[in-house]
Amino acid sequence: MDLLEAYRRSLAEFVDRVDQIEPGQWSDPTPCSDWDVRTLVNHVVTEDRWSVPLLAGRTIDEVGDRLDGDQLGADPIATAREAAAQAEIAATHPGTIDRTVHLSSGETPATEYLQQLLAEHLIHGWDVAVAIGAQPRLDPDAVHAATQWFAGQIDAYRRNQLVRTGVRVPDDADEQDHLLASFGRDPDWAPDD
């Protein structure tokens with residue numbers, strides 16, 4: 001699958017999960033033990049907002065601290081939709097995919113950055129889904145694209161403690177469960193765990 005199409009699907013699925021959040025669910029726990037639903041959604045919205053200037057060639061210093069803190073405001077669902085729409089425009093603008101992005105980890109090809117964002121939306125979309133009791137199945141083609149990319153990244157992510165380790169799934173588990181486990185998620189997680 002084309003990277004931009006997989007990225008678009010991951011954005012759409014994330015926004016679809018956010019659209020299903022009921023007013024009383026924003027403080028519910030998520031598989032990210034330190035984050036409730038609102039904190040997790042704010043994290044992804046912040047990533048989406050960061051992607052716009054970074055994909056346009058801006059540096060972290062140029063963006064400054066304007067994306068610190070709460071990005072959701074009074075209407076978090078509308079804010080998540082708007083941030084995802086702007087992120088998609090930035091990613092699909094002609095020539096963007098051929099750029100170099102200035103990340104905190106250094107100069108990074110835009111394709112690598114978009115792979116990271118693809119995985120971010122998939123994994124956190126699943127987090128939101130299971131936290132609120134929504135359907136947690138992810139787009140299988142987007143999952144496959146993320147799995148192929150992450151196979152070459154997992155050791156570095158573990159070494160830098162960017163993912164939890166020790167989650168095991170049966171060898172015959174499906175690709176989604178293997179991807180979730182590689183990002184430190186228990187595919188059977190439920191809010192009462």
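Predicted model: local features only at pLDDT ≥ 70, side-chain atom pairs only at ≥ 80, totals over all residues.
Reader: What is the volume of the largest pocket?
Author: Numbering starts from 1 along each chain as written, and side-chain values use heavy atoms, without hydrogens or water. A pocket is an open set of points on a 1 Å grid over the protein atoms alone, where a 1.4 Å probe fits, with protein on both sides within 12 Å along at least five of seven lines. Filling the largest one with probe spheres set on its points gives about 1000 Å³.

Reader: Which residues are closest to its centre?
Author: The lining of the largest pocket has 29 residues, each with an atom within 4 Å of a point. Closest to the centre are His43, Glu47, Glu120, Tyr157 and Leu162.

Reader: Which helix gives the most to that lining?
Author: Helices here are DSSP runs (H or I, at least four residues) numbered from the N terminus. H2 and H5 each supply at least two lining residues. The top contributor, with eight residues, is H5.

Reader: Where do the buried residues of H4 fall?
Author: H4 covers residues 76–92, and its buried residues (under 20% relative accessible area, 1.4 Å probe, protein chains only) include Pro76, Ile77 and Thr79. Down the axis they fall within an arc of 155°, taken from the directions from the axis to the C-beta atoms. They therefore line one face of the helix.

Definitions and conventions:
Expected span 1.5 Å × (residues − 1). Buried < 20%, exposed > 50% of the residue type's maximum accessible area, 1.4 Å probe, protein only.
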